[in-house]
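Please look over the sequence and the structure shown below before reading on. The report then takes up a few parts of the chain in turn.

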Amino acid sequence: GIVGFYKDFVEALYENLGGQASVTAIGHISHGQKDYEHGRLFSLHEQIEHKIDFLEQELLHTEQSIIVVGHSIGAYIGLEICKRFQKKVKIFLGLYPFLTLNKNAMKQSAIGYVAR
């Protein structure tokens, strides 16, 4: 999503890990303060490929495993990352996955009804 939203979390995570791990937040294309894409909209597939491309570049010359954390739609994107980097992803944590449905949850049922 918007990396600035997670800035404090990412910094705290890095500090709590004693600076022994690299912690990187990857934002969505065109979700930043500057409009480098001139208002262009990107599909979910393009957002996924953006993260895959970044990770391919970062992981190209390393044997290091990774831990993927995704929030909301990022949890779905994280699943796609896991599929592409099966040998590299050690742990995946999906927080409040956007594309899951709990049919017993009143709020989700109401959103589903309105969406239909």
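Which residues are buried in H2? In H2, the buried residues are Gln47, Ile48, Lys51, Ile52, Leu55 and Leu59, where buried means under 20% relative accessible area, exposed means over 50%, and partly exposed lies in between (1.4 Å probe, protein chains only).

## Basis of the report

This is a predicted model, in which local features need pLDDT of at least 70 and side-chain atom pairs count only at pLDDT 80 or more, while totals for chains, interfaces and linings use all residues. Residues are numbered from 1 along each chain as its sequence is written, and side-chain values use heavy atoms, with hydrogens and water left out.

## The chain as a whole

The chain has four helices and two strands, and their order along the sequence is α-α-β-α-β-α; helices (H or I, at least four residues) and strands (E, at least two) are DSSP runs, numbered from the N terminus. The C-alpha trace spans about 45 × 35 × 30 Å along its principal axes.

Of the 116 residues of the chain, 22% count as buried. The chain exposes about 9200 Å², and carbon and sulfur atoms supply 57% of this area, which is computed by the Shrake-Rupley method with a 1.4 Å probe. Among the contacts in the chain with a separation of 6 or more, 53% are made by residues 24 or more positions apart, a contact being heavy atoms within 4.5 Å.

## Helix H2 and Lys51

Helix H2 covers residues 44-59, and at 1.5 Å a residue its 16 residues should span 22 Å, which agrees with the 22 Å between its end C-alpha atoms; the expected span is 1.5 Å times one less than the number of residues. Its buried residues, including Gln47 and Leu59, fall within an arc of 135 degrees seen down the axis of H2, so they line one face of the helix; the arc is that of the directions from the helix axis to the C-beta atoms. These buried residues pack against strand E1 (66-71) and helix H3 (73-84).

Lys51 has its place in helix H2, and because its relative accessibility is 4%, Lys51 counts as buried. When residues up to four places away in sequence are not counted, Lys51 touches Ile26, Gly27, His28, Ile29, Ile77 and Ile81. Between Lys51 and Met106 there are 55 residues in sequence and 33 Å in space, C-alpha to C-alpha.

## Ser72 and helix H3

Ser72 lies in the loop between E1 and H3, and at 22% relative accessibility Ser72 counts as partly exposed. The phi of Ser72 is near 60 degrees, a positive value in a residue other than glycine. For comparison, most residues other than glycine have a negative phi.

The twelve residues of H3 should span 16 Å at 1.5 Å a residue, and the end C-alpha atoms of H3 are 17 Å apart, which agrees. In H3, the buried residues are Gly74, Ala75, Ile77, Gly78, Glu80, Ile81 and Cys82, and what covers them includes H2, E1 and strand E2 (89-95).

## Glu37 in a loop

Where is the place of Glu37? Glu37 is in the loop between helix H1 (3-16) and H2, and at 24% relative accessibility Glu37 counts as partly exposed. Apart from its neighbours within four places in sequence, Glu37 is in contact with Ile29, Ser30 and Phe42.
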